[in-house]
Amino acid sequence: MKQILWFRRDLRVRDNKILEKASNEVMPIFIFDKNILEKLDRDDKRVTFIYDAVLALKKSLETLGLDLYIFYDTPKNVFMNLKKDGFDEVLCSGDFDSYSQKRDKEINEILPLKRYLDSFLINPKRNLKKDETPYKVFTPFYKSLSWLSSSDKIGESNVNPDLKLYKYKSKNPTLEEIGFKRVELPGFLNQTPQNRLDNFKEKVEEYEKNRDIFYKDGTSNLGIDLRFGTISPRMIFNEIKKLDGKNSEVFIRQLFWREFYNYILFHFPKSESENWNGIEITWRENEEDFQKWCEGKTGVPIIDAAMRHFNKTGMMHNRLRMIVSSFLCKNLLIHWKKGEQYFAKKLLDYDACSNIGSWQWAASTGADSVPYFRIFNPYLQSGKFDKEAIFIKSIIPELKEVDSKLIHIEGALKDKYISPIVDIKYSREKAIRAFKEAKNAKV
Ligand SMILES: Cc1cc2nc3c(=O)[nH]c(=O)nc-3n(C[C@H](O)[C@H](O)[C@H](O)COP(=O)(O)OP(=O)(O)OC[C@H]3O[C@@H](n4cnc5c(N)ncnc54)[C@H](O)[C@@H]3O)c2cc1C
């Protein structure tokens, strides 16, 4: 048996199914996929992250007597060429978004592709309701998985010790050769994935208390590791459960939101581009307001600080994601798809299922989404979660000397800051009317 082990979003050795399922002679590979890369900016932060993660994986595989051969091409070309070397099959982990499904179908016609579920805790095909239809609401979905969420440990995969490397002549492309610039990443990404997990283990007991306070480092920062599989969700689950802490349940529940959104996208693939609940909103097409939102120039301090920080770092705290998405889809009444695409372009931990699910949640068009009349008031949100304006002032220098209280009052900044592009009360009422009409039209 001669197999290709195709690493994709499972860039790790520990708990990797393809290293367990492989037998005999193997050729581990990673492809910098031209189809994906050509759409990205040349200074995309994620490419620097992946590039380093791929080299780290290569080193780990070398310690096992294996290697990682790195290609820069389309998957189709790579497999057409490798087919000539007489491989029997390709082993890889499964992915569920539309591009991945299409790509895998194409490769399967060149060489048989065996896909293993390795990026998520559950197989979205399973776990249906009694009537054989998928869950649409998070809480019953989560409850139905209590056998899993309440367990102490989920079995991890072990590397098959009998693997033999199929030697191949190749040269690793440099980051420049694949057309990208090395860029500075946020400091926490200079640690190893295991260090990030270990750091979070010390904070997990405070997670519930701190998780919404965006000027504190109260969350795990493991989103990017989950996205690219530098840590498996089972490893995170097991290591947190091992601590036997009282407060880890809240964190474990969040991991299942990721499962939920993957499950929803799998069962409702059209939600990638259409309103999941089928309502038709008359969105505003206002490119100028959209640009101001993107650039952090709306005149609403919390929105501007969140977006400017995002543009610089590729990071945004969950509470801020909720506030800026609500502002775009409700106060500005701009299509969630525009915001979703902007996040997709820049978010370090961008994951199609969670991003689409969360944007549709914010827009009240998705599965188990926020009721359309519950619209965040950005001023009340910043007053509640950043009372002293610590985060806002750290990003917007012109507000440094301003009394923090004024920052949380609409209209109080006058000539101290740019004028807001919307009136919160008026735009809220307008959005509620638009959503009410759309709902009534559907009935
Ligand atoms: C508009 C919007 C867009 C989003 N886009 C993405 C995205 O592209 N990729 C992404 O991974 N998450 C997304 N989220 C969810 C959430 O904001 C991030 O998962 C979280 O901020 C990542 O930081 P963390 O790892 O420190 O999270 P923690 O709070 O430490 O949570 C641990 C892990 O649980 C999962 N998780 C936590 N909250 C959620 C949630 N609400 N939905 C789904 N999974 C969750 C993530 O995998 C996260 O890494 C989005 C949320 C909103 C409101």
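In this predicted model, 6 residues of domain 1 are in contact (heavy atoms within 4.5 Å) with 12 residues of domain 3. Domain 1 covers 2-119, domain 2 covers 120-153 + 194-267, and domain 3 covers 287-442. These bounds come from an automatic or database domain assignment. The C-alpha centres of domain 1 and domain 3 are 37 Å apart.

About 580 Å² is buried between domain 1 and domain 3, with 40% from carbon and sulfur atoms. Buried area is the accessible area (1.4 Å probe) that two parts lose on being put together, summed over both.

The interface of domain 1 and domain 3 holds 2 salt bridges (a side-chain nitrogen of Lys or Arg within 4 Å of a carboxyl oxygen of Asp or Glu). D41 pairs with K345 in a salt bridge, with the closest N and O atoms 3.1 Å apart.

Now the backbone. Most residues other than glycine have a negative phi. D368 has a positive phi of about 50 degrees. D368 is partly exposed, at 28% relative accessible area. K414 also has a positive phi, near 40 degrees. K414 is exposed, at 65%. Buried means under 20% relative accessible area, exposed over 50%, partly exposed in between (1.4 Å probe, protein chains only).

Residues are numbered from 1 along each chain as its sequence is written. Local features need pLDDT of at least 70, side-chain atom pairs count only at pLDDT 80 or more, and totals for chains, interfaces and linings use all residues, while side-chain values use heavy atoms, leaving out hydrogens and water.
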